[in-house]
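Welcome, and take a moment to look over the sequence and the model before reading on. We will go through the structure one part at a time.

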Amino acid sequence: MNAVTPSLTFKDRAEEAIKLYTSVIKNSKIGSIMRSEGGANPLPKGSVLHASFQLDGREFTAMDGGPSFSFSEGFSMVATCDTQEELDHIWKRLSSDGGEEGRCGWLKDPFGVSWQVIPRALGEMMTHPESGNPGKVMEALLKMDKIDIATLKQAYQQK
C-alpha cells in the first residue's frame, strides 16, 4: 500500500470548498479537477467528479456527491497554528460566509465541514504538567469559542 488519502464528498460546491481551503492553509495547492459532462451522469454538468488537492502538503481528494451527502461532527479537519495572527486568519476565513463558530476552537465552514482551529502551544500546555497547570488551561479553553493563545498561556502559568 502506498498511501491513505482522505476523500471529502460534498453535496455540491466541492470546487468552491477546495479553492477556499487551498487559499487559507499555507503550502496548499489544487492538483486536478475532473468535471461531469452531464448527460447520463447523475450529477449536473460541471459538477466535480474527482479532484485532488494538497493542504499543508497532505494529499486529499474531493467530489460532489449530490443531495444525499452531508458532513457530521464525527469527522473534522484540524488546523494547527503557530501564532494568534494565523489562528485568527484561518478562523475568520473558514467561519465566514455561512460558516458557524463553535466552542473550544471548533467551527463549521460554509460547506458543513467541521474544523478544529487550535494553537500548537495548546498541545504543549496540556501534556507538560511539570511546567504549568493543564487543568487551568482546560478551564480557560472551555469558556472560549475562537481560541486566544495569550489567555491560555496565562492560565497555564497559574499555580
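Two strands are said to pair if DSSP finds at least two bridges between them. With that in mind, find strand β8: here V78 stands opposite Q116 in β8. Please remember throughout that this is a predicted model.

Strand β5, residues 76-81, runs parallel to β8, and six bridges join the two. Another of the positions you can look up is A79, whose bridge partner in β8 is V117. Turn now to strand β7, residues 106-108, which pairs with β8 in the antiparallel sense over three bridges. Here L107 stands opposite W115 in β8. β7 and β8 form a hairpin with five residues between them. In the turn of this hairpin, G112 has a positive phi of about 90°.

Now put the strands together. Four of them form an open sheet with mixed pairing, and the order is β5-β8-β7-β6. Which strands stand at the edges? They are β5 and β6 (100-101), and each has a single partner strand, so one side of each is left without a neighbour in the sheet.

Is β8 mostly covered or mostly open? The strand spans residues 114-119, and six of its six residues are buried, so "mostly covered" is the answer, given that buried means under 20% relative accessible area. In a regular strand the side chains alternate between the two faces of the sheet. For β8, both faces are covered: S114, Q116 and I118 are buried on one side, and W115, V117 and P119 are buried on the other.

Which residues of α2 are buried? They are L87, I90, W91, L94 and S95. These five residues lie on the same side of α2, because they cover an arc of only 110° around the axis. On the other side of the helix, E85 and K92 are exposed.

Let us move on to charged side chains. Side chains of opposite charge can pair when their charged atoms come close. A search of the whole structure finds nine salt bridges, and a few of them are worth a visit. One joins K26 and E86, at 3.6 Å from N to O.

Another salt bridge brings together the side chains of R35 and E15, at 2.6 Å from N to O. R35 sits in strand β2 and E15 in helix α1 (residues 14-24), 20 residues apart, so this pair also links distant parts of the chain. R35 counts as partly exposed, because its relative accessibility is 37%. Salt bridges that share partners join E15, K19 and R35 into one network.

E16 has a salt bridge with R13, and the closest N and O atoms are 3.0 Å apart. E16 is partly exposed, with a relative accessible area of 41%. R13 is also partly exposed, at 35% relative accessibility. You will find R13 in the loop between β1 (7-10) and α1. R13 has a positive phi of about 70° although it is not a glycine.

Another residue with a positive phi is N27, where the value is about 60°, and N27 is not a glycine either. N27 lies in the loop between α1 and β2 and is exposed, with a relative accessible area of 54%.

M126, M138 and L142 make a nonpolar surface patch of about 240 Å², and L142 has its place in the loop between α4 (134-141) and α5 (149-156). Elsewhere, P44 lies in the loop between β2 (29-35) and β3 (48-55), and P44 counts as exposed, at 54% relative accessibility. How far apart are P44 and D82 in sequence and in space? They are 38 residues apart in sequence and 41 Å apart in space, C-alpha to C-alpha.

Note on methods. Residues are numbered from 1 along each chain as its sequence is written. This is a predicted model: local features need pLDDT of at least 70, side-chain atom pairs count only at pLDDT 80 or more; totals for chains, interfaces and linings use all residues. Side-chain values use heavy atoms; hydrogens and water are left out. Buried means under 20% relative accessible area, exposed over 50%, partly exposed in between (1.4 Å probe, protein chains only). Helices (H or I, at least four residues) and strands (E, at least two) are DSSP runs, numbered from the N terminus. Patches are made of residues with over 30% relative accessible area and no salt bridge: like charges are joined within 9 Å, nonpolar side chains (Val, Leu, Ile, Met, Phe, Trp, Tyr) within 5 Å. Accessible areas come from the Shrake-Rupley method with a 1.4 Å probe; for residues, only the protein chains shown count as cover. A salt bridge is a side-chain nitrogen of Lys or Arg within 4 Å of a carboxyl oxygen of Asp or Glu. The arc is that of the directions from the helix axis to the C-beta atoms.
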